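Please keep the sequence and the model in view while reading.

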Amino acid sequence: RHPFLSVGLPFLIAVVGGSFVLLLTQETKYEIRDKRIQNLSMDEALPPRRKFDIQEEYFRMKSKGDWSGSWEPRRVPRAAEDEPVFDRYDK
């Protein structure tokens, strides 16, 4: 007889109640994380960082591979059925 009272009101209560439940769970999650981070000292909170040196990175990358320029791009061989890509759907 009253569709809003039987369907609409429970739906609105579930949506609004669910938003409050999610708000409380997320708030608790972030509070726990903040407390854990505040308990750490500054040395424990941040990992040690290595100083960046552009020359060191260049020589490290150069030692990893062949950068002499004697390479050329090559096509990867494909199976015969993969060649006519656009003709496959025309039929």
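Buried means under 20% relative accessible area, exposed means over 50%, and partly exposed lies in between (1.4 Å probe, protein chains only). The model is predicted: local features need pLDDT of at least 70, side-chain atom pairs count only at pLDDT 80 or more, and totals for chains, interfaces and linings use all residues. Residues are numbered from 1 along each chain as its sequence is written, and side-chain values use heavy atoms, with hydrogens and water left out.

**Aromatic pair**

- The structure contains one aromatic pair (ring centres of Phe, Tyr or Trp, the latter by its six-membered ring, within 6.5 Å; planes under 30 degrees apart are stacked, over 60 edge-to-face, the rest tilted).
- The ring centres of tyrosine 58 and phenylalanine 59 are 5.3 Å apart and their planes stand at 65°, so the pair is edge-to-face.
- Tyrosine 58 is partly exposed because its relative accessibility is 48%, whereas phenylalanine 59, at 53%, counts as exposed.

**Salt bridges**

- Side chains of opposite charge can pair when their charged atoms come close.
- There are three salt bridges in the structure (a side-chain nitrogen of Lys or Arg within 4 Å of a carboxyl oxygen of Asp or Glu).
- Arginine 50 bridges to glutamate 56 at 2.9 Å, N to O, and to glutamate 57 at 3.3 Å between the closest N and O atoms.
- Glutamate 57 also meets arginine 60 in a salt bridge of 2.5 Å, N to O.
- A network of salt bridges links Arg50, Glu56, Glu57 and Arg60.

**Accessibility within the network**

- Glutamate 57 is buried, with 13% relative accessibility, while arginine 50 is exposed, at 58%.
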